[in-house]
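Colleague: I would like to go through this model step by step. Please show it first.

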Amino acid sequence: MPRPRRLLITAGPTHEPIDAVRYLANRSSGRLGVCLAQAARAAGWSVTLLLGPGTVPPPAGVRTLRFESTADLAALLDRHFPSCDVLIMAAAVADYRPRRTTRSKLPRGRRVLTLRLERTPDLVAACAARKRPRQRIIGFALEEQQRLATRALRKLARKGLDAIVANPLETMGADRIRAVVYTAAGQTVIPKKGPSAGTPAPQTKEKFARWLIRWLDQPRPDARQPWPHTARSRRRR
Ligand code: C5P
């Protein structure tokens, strides 16, 4: 029997420490990543979930490792990315973090406190830069509706991903998602079509997760090129 394929999923927010008790965070709930982990496990994948702080409870029966900060998640990816077949990077990783953190609690002394932030390393781009030829990476783009497609396509290319799930800002922390998937081969896939052409309808995160996991296994419409296509195939088009 072939061994089950290995799926690594990241989910939830990061907490970037300011001092001993405070942090910078975002509203991600981790719900979508948890749904993906459950759907993948049910479909026979061997799943590892890297789950951020303050999220929905981890799913039963899925190997789950917890992280707090971008630095923690980077260390977990260093350890677990090399042995996965597919990485789904659903975590809402901070783009900026405090440049300095203090071990003690900052006192409420000054009238104005300025935090200097530095850009975090782009973790998914770093994974893409060192992936093996058969490894595949799916990223996420959360943007305002008007800029969603343009920015998602830019991220797909800039980060070297095989596919990207574009979803509008309201998705964060919500029960439903209105997703469009763009692949590096230039395909646009809408899991659930809306009433007007080319627009997605909302669906529960559970349904979207089951769809995405089925989609990972599907042969592509162009049967000569099994999914996911590589960035090279996009340039050839
Ligand atoms: O650049 P942006 O944060 O919009 O990109 C979103 C995608 O990049 C997500 O898949 C997210 O997990 C990933 N990301 C990352 N490292 C960062 C910021 C985002 O891997 N520092």
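Colleague: Which element gives the most to the shell around the ligand?

Modeller: This is a predicted model, in which local features need pLDDT of at least 70 and side-chain atom pairs count only at pLDDT 80 or more, while totals for chains, interfaces and linings use all residues. Residues are numbered from 1 along each chain as its sequence is written. Helices (H or I, at least four residues) and strands (E, at least two) are DSSP runs, numbered from the N terminus. With 3 residues, the element that gives the most to the shell is S9.

Colleague: Which of the 13 residues around the ligand come nearest?

Modeller: A residue is near a molecule if its C-beta atom, placed from the backbone, lies within 6 Å of it. Of the 13 residues around the ligand, those that come nearest are Met89, Val93, Leu123, Val124 and Gly139.

Colleague: Over how many bridges do S1 and S4 pair?

Modeller: S1 covers residues 6–11 and S4 covers residues 46–51. Thr10 stands opposite Leu50 in S4. The two strands pair in the parallel sense, and the number of bridges is 6.

Colleague: How are H1 and H5 oriented to each other?

Modeller: Axes are lines fitted to C-alpha atoms, for helices over the stretch in contact, and angles run from 0 to 180 degrees between N-to-C directions. The axes of H1 and H5 come within 8 Å and cross at roughly 50 degrees. Angles under 35 degrees count as roughly parallel, over 145 as roughly antiparallel, 65 to 115 as roughly perpendicular and the rest as oblique. H1 and H5 are therefore oblique.

How values were computed. Two strands pair if DSSP finds at least two bridges between them.
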